[in-house]
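I'd like to walk you through one fold today, so let me put it up on the screen.

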Amino acid sequence: MLKFRVPQCSDRPGFTLVELLVVIAIIGMLVGLLLPAVQQAREAARLMQCSNNMRQIALAMLNYESTNKTLPPAYTESTAQTREKYKIPYATFNGLVFVLPYMDQTAIYSMFDLTKNWNSTAKNWNGTSTNAEAGKQEINMFKCPTTPERGQYASDYAANTGIQFGAGEIAAKINDGTISNKHNKSQAQYWESALSPWCWNTWYSSNYLATPRPLSEVRDGTSNSMLYFEDCGRPYYYQRGVYQGTNNASGEKWADLEAFYHSHNVPFQNVNNSNETYSFHTSGCNTSFCDGSVHYINNSIDVETYLSLFTCKAGDIPDSWQ
C-alpha cells in the first residue's frame, strides 16, 4: 500500500517585511553617500581636462612668441586704412586664430584669409573656403567639460585684456584702501594684462596704437602674471551659477573679435559671464600664466593679490598666493 508524506513547512528562516525595509533603507543611505563622491570624482576629472586645455593654449601662445618675438594679440581690429597707416598686417580676428598652427590645427588655420574679417563670406585666396566657414569649426580644446551648454563654434576660454578700475565697485575699493591703484602709464581707466590687442585702440578712454606684447615686457615675472582666462557658457547669460533666461553674453564664437573681454566687477570671478571671468567649477576658475602653467584661482582670493597677478609689469609681486 502506497503511503504519501505530507510536505512539511521548511524550518529555514526568511526575511520579514520589516527586515527587508531596513535593508532597502541601508542600501539607499549608502547610495546617497556614494553619489556625491562619484560626482566629486567626475568634476575632478573635468577640472583636470579643463586645466589641460588651458595649458595647451598657453603653450601654443608661448610657441607663437618664440617664433614671432611677441605674444599673440588678444584680438586684432583694423580697417584697410588703419592697416596701411599703422602697419597692422591683419583684419579683425580673435587671438585664438593666430595660435591654431601651434595646436595641430593648421588645416583650419589655412582656411582663413587674414586680410578679410573673421566672418567674411567672400571666397578666400584658395577659392574654396571663406572665413565664415573656417570659423564654423568645433574645436574641443576650446571647451571646458564642466560647462553645461554653450553656443555653436564657441570657446570657454578668452583673453581678459584689462580691469576697468574706474567702475563703481572697484573705484570704491581703491578709495577705501582695500586695493591699491596699480601703475599704468598707457591708460587712465584700465589695468592691462599680458595680452594686448593689435589695433588703433578705441575700446579705452583715449585712443592709442596697441601692439602685441613681448615676454620681455612681463616684468613681474612669467610665473606671477596671468595669461588666459575662463569665460564659460556664452551666449547664455549666467549670474552666480543661475541662468538668467537671456542669451546676451556676447563673444562666444572662438574666431570673433568680441570673444575677448575686460572686467568691471569685484570679486573678479564668477559674478556673471558677460564680460567677466566665469566658470562652472565649484569655487573658482582655472587660469593660465605666462610661464605656461595653469592654476586654480579660488573665488576667495584676496583682491589685491589677484590684481598683482593680473598686471604683468606693475612691480607688485605677491609674496605668497598658492
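Predicted model: local features only at pLDDT ≥ 70, side-chain atom pairs only at ≥ 80, totals over all residues.

Residues are numbered from 1 along each chain as its sequence is written, and side-chain values use heavy atoms, with hydrogens and water left out.

Some overall figures. I'll call a residue buried if its relative accessible area is under 20%, exposed if over 50%, and partly exposed in between, using a 1.4 Å probe and protein chains only. Of the 322 residues in the protein, 49% are buried. The protein exposes about 16100 Å², and carbon and sulfur atoms supply 54% of that; those areas come from the Shrake-Rupley method with a 1.4 Å probe, and for residues only the protein chains shown count as cover. As for contacts, meaning heavy atoms within 4.5 Å: among those with a separation of 6 or more, 62% are between residues 24 or more positions apart.

On to the sheets. I say two strands pair if DSSP finds at least two bridges between them.

Have a look at E8. How many of its 5 residues are buried? The answer is 5 of the 5, so E8 is largely enclosed by the rest of the structure. E3 and E8 run antiparallel, joined by 2 bridges, and Ala158 has Phe229 in E8 as its bridge partner. E8 also pairs with strand E12 (residues 284-289), again antiparallel, over 2 bridges. There, Tyr228 stands opposite Ser288, and Met226 has Phe289 as its bridge partner.

Tyr228 shows up again in the core. A nonpolar core here is a set of buried Ala, Val, Leu, Ile, Met, Phe, Trp, Tyr and Cys residues joined through side-chain atoms within 4.5 Å. The largest one has 50 residues, and Phe112, Leu227, Tyr228 and Trp254 have the most contacts inside it. Helix H1 (17-68), strand E6 (198-201) and strand E8 (226-230) are the elements that give it two or more residues, and H1 provides the largest share, 8 residues. Apart from that core lies another, of 20 residues, with Ala158, Ile170, Phe229 and Leu307 among them.

Then there's a second open sheet to point out, with 3 strands in the order E5-E4-E11 and mixed pairing. Strand E5 (190-192) and strand E11 (261-263) are the edge strands, each pairing on one side only. The twist averages 30° from one strand to the next. Strand E4 (residues 160-164) pairs with E5 in the antiparallel sense over 3 bridges, and Gln164 stands opposite Tyr190 in E5. H6 (residues 303-310) turns up here too, lying across E4 and E5 and running at about 140° to E4.

Last stop, Asp156, in the loop between helix H4 (131-134) and strand E3 (157-158). Is Asp156 buried or exposed? Asp156 is buried, at a relative accessible area of 1%. And which side chains does its own side chain meet in polar contacts? A polar contact is a pair of N or O atoms within 3.5 Å; within protein, one must be able to donate a hydrogen and the other to accept it, and residues adjacent in sequence count only if both atoms are side-chain atoms. The Asp156 side chain has one with the side chain of Arg150 at 2.8 Å and one with that of Thr147 at 3.3 Å. Leaving aside neighbours within four places in sequence, Asp156 is also in contact with residues including Phe142, Cys144, Phe229 and Cys232.

Note on methods: Helix = DSSP H or I, 4+ residues; strand = E, 2+ residues; numbered from the N terminus. Axes fitted to C-alpha atoms, helices over the stretch in contact; angles between N-to-C directions.
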